[in-house]
Amino acid sequence: LLTAPLPQERGGNNSFTHEALTLKYKLDNQFELVFVVGFQKILTLTYVDKLIDDVHKEFRDKYRNEFQQKGALGLLNGTFDFKDDFMRLLRDAEESSRVRAPTVMKTFEQSLKSQKTVKCMIETRGEKPKEKVKNKKNKGSKKEGTEAAAAPSKASGGDKQPSAAGDKEELTKDEILQKNREEFFRRHMKAGEKSRSPKPDAQKEKGKKPRVWDLGNSNAKVLDYSNSATNGSAEACPVEEFDPDMALGDKNREPGRLYDLEYESEDETEEEKVVQNTSKPSAKKGGLGGMFGMLKGLVGSKSLTREDMDPVLEKMKDHLIAKNVAAEIAVQLCESVAKKLEGKVMGTFTTVTSTVKQALQEALVQILQPQRRVDVLRDVMDAQRHRRPYVVTFCGVNGVGKSTNLAKISFWLIENGFSVLIAACDTFRAGAVEQLRTHTRRLNALHPPESHSGRTMVQLYEKGYGKDAAGIAMEAISYARNQGFDVVLVDTAGRMQDNAPLMTALAKLIAVNAPDLVLFVGEALVGNEAVDQLVKFNKALADHSMAQTPRLIDGIVLTKFDTIDDKVGAAISMTYITSKPIVFVGTGQTYCDLRSLNAKAVVTALMKA
Amino acid sequence: MAGGLEPDLAALRRELSGPAALSVLLALIAVAVTFLIWRFVQGRRSSRKAVLLLGLCDAGKTLLFARLLSGRYRDTQTSITDSSATYRVSRDKSTSVTLIDLPGHESLRLQFLERFKAAARAIVFVVDSVAFQREVKDVAEFLYQVLVDGTILKNAPALLIACNKQDVTMAKSAKLIQQQLEKELNTLRVTRSAAPTSLDSSGGPAQLGKKGKDFDFSQLPMKVEFVECSARGSKGEEGDADLEGLEKWLVKVA
């Protein structure tokens, strides 16, 4: 647990599985403690969360003095005689879980629960008017109206406690809905507004039950309904059908303009209205208290709570996504930072924003400096000593720059005095072999054999097109061993990660030839795709290898770095997924455009506003 | 308000115009100067009062830390954060240093080193003598990173390479470790300086030792010593640790 998820900023989740055990953990950031509960994976113990919370509270209260006063010495010298307390807590937790079990089986409770969930469904629909607007067209808006009408009717009919609490909310939501609906109609329809209102009321009785079951796209059902219903609806229908504005849409709109564009802006305004409505009451409440709270937070030691951090984290997450970090990774990162900072005591004159920013910056630097740095030259020297060639394989999707960066890396190796054999295992793309031949000729012109004591520094090993790539690679490696080449660079064809037969072929090439270094070439322009690419590549390599410990991707080459100015998030996404380092960075198309990654510079560029 | 101040200022000036004024002014200056000196001295003293315990994972840093401070054996886990405490160097002298134990995990070590390197008066680099053969490259790489760091080159803190785990029979001796490290660092400085330059082309890694000659620890600007020690002690968990060399060196350094 300690070596993998926590240092690598994957601490967002609360549990961690390792072999046959599941470990649930909780961090106490104030005193820097970690509480871990381990149990067998096959058991599902419901009381674990509660147990860990109880243990945490008791331990903290009992030894609070020791921590506060003596610091590290206290930890070392104190004897923590917690065993009896722990056994007691464990027994309590087990008993409480046993007591709870029988009551769940009552059917009456089941029905209550089912009623509640139905209610929840309706409530949540009311809370998200923007979703409804997005999903449905004009005809769907009728459903909204019926929903809104159905909800208050149900609220008035319902007499349980949850409904009483929810009543207030629903009324405000209803207000919101009404307002939104009116705006919506006003924009799209000139007439027929009044005829709408009696229709929802008429349909509310019949509309209750089936509507509960479909949460989306049920335009057809609603339409059916209105056609076969009472007289009021029937006469309103044709009016609606033939309303020219309705059929053609907004008259003010240009003919060629896409409907979606307007839709979205409308969504946004709706969203804003909803946000404003909900934020206004809270702002009014928090006005005076907020000012004092701000002053209090500036001086003195306040411990961080989730609510304090949430708005800042949201902003940070959006900032990261704007800088081209994959969305899920940004979310996970923010979660992990939140977990690390929860309950931590801030120093004087530090705001929540600065603490969170600091923590996020540290986390990002940590991610970019992962395990063992791949030092290619060192490893090549090692292989030289053992008299065997050092094999590097380049893989990646189409068009990321594998062949170009292969040429750059071979130039760098030649500059350092190693002889290179390029194996052209891209037997599919037209011109791949010729491209590599041109590079070979150029490199040999730059470093002629005379200046390197008579041996050619670069040579190309190719067998034309259409042959099996794994076979060519194997022959190239044995040729290199015979001829005494120091490095073999294997160029493979670009392939999409979803293409199963091609991924199998790549996995076979890597499994059979056992290269020393497998480099994944990815471009810096990629966004959320990076996650998918790397995950699928790694999976394919792991699935198709026969060995116990499969060869996975060992390093990443980040290409086309000069095309992004400071949207460097792809670096973070890639290293986070694989936890392998970025070995090279390609910044152009000439031979000298090869760099290594500077973690601090990248993180500064990322955190810059 | 300005009008109110003016008569006050005038009154003050009148009061101060006597010899009293001079003494008041002198007193103020004296206070300010002592304050500055005190701040300066304390800054100098406290800025470099720390002894850092560095090393790879499982080298024995945390156990060494516990032994030096409390003399007792504790079961330790992989550290994920630093621990610091003041250590009284010897019984008669009252000098003490702050021992800081940093985690050895790859993702964390550089970050914590950044934080504490400016305060380092001395560095204890703990090496696992038993697993040294296997880990020689990683040890050398971390040592190299520590040695070429700009702040550390500037301050040149004393460096002690503690070859830990000598209680195990297969442990390598300090001389052997020194030779191997010198060889490894020799190759490393060639490969590292040949690596592609950094993205923002911040100056390349500093040159370690003298060019042309093989790398030797005596070429470094700081004093380097090798010492053998065992945090666990030859008698197992109950007995004392063999920390003589380490403690003597700490006395020298403090």
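Buried means under 20% relative accessible area, exposed over 50%, and partly exposed in between, using a 1.4 Å probe and protein chains only. Keep that in mind for the tour.

This is a predicted model, where local features need pLDDT of at least 70, side-chain atom pairs count only at pLDDT 80 or more, and totals for chains, interfaces and linings use all residues. Residues are numbered from 1 along each chain as its sequence is written, chains are lettered from A and ligands numbered from 1 in the order in which they are written, and side-chain values use heavy atoms, leaving out hydrogens and water.

**Stop one: a helix in chain B.** Select residues 174-194 of chain B, and you have helix α7. Helices (H or I, at least four residues) and strands (E, at least two) are DSSP runs, numbered from the N terminus. From first C-alpha to last, the 21 residues of α7(B) reach 30 Å, close to the 30 Å expected at 1.5 Å a residue; that expected span is 1.5 Å times one less than the number of residues. Now colour its buried residues, among them I177(B), L181(B), L185(B) and L188(B). What covers them? Show α16 (376-385) and α17 (402-415) of chain A, plus β4 (120-128), α5 (132-147), β5 (158-164) and β6 (224-228) of chain B: the cover includes these.

**Stop two: K61(B).** Head to helix α3 (residues 61-70) of chain B, where you'll find K61(B). Is K61(B) buried or exposed? Buried, because its relative accessible area is 6%. Contact means heavy atoms within 4.5 Å; leaving aside neighbours within four places in sequence, K61(B) is in contact with residues including L53(B), G55(B), L102(B) and V126(B). Check L102(B): it sits 41 residues away along the chain, yet the two C-alpha atoms are separated by 8.0 Å. Then look for the backbone oxygen of G55(B), 3.4 Å from a polar atom of the K61(B) side chain.

**Stop three: aromatic pairs.** Over all chains there are five aromatic pairs. Rings of Phe, Tyr and Trp (its six-membered ring) pair if their centres lie within 6.5 Å; planes under 30 degrees apart count as stacked, over 60 as edge-to-face and the rest as tilted. Select W412(A) and F584(A): they're edge-to-face, 5.3 Å centre to centre, with 75 degrees between the planes. W412(A) is in helix α17 of chain A and F584(A) in strand β10 (residues 582-586) of chain A, so the pair ties together parts 172 residues apart in sequence. W412(A) counts as buried at 11% relative accessibility, and F584(A) counts as buried at 3%.

Conventions: A polar contact is a pair of N or O atoms within 3.5 Å; within protein, one must be able to donate a hydrogen and the other to accept it, and residues adjacent in sequence count only if both atoms are side-chain atoms.
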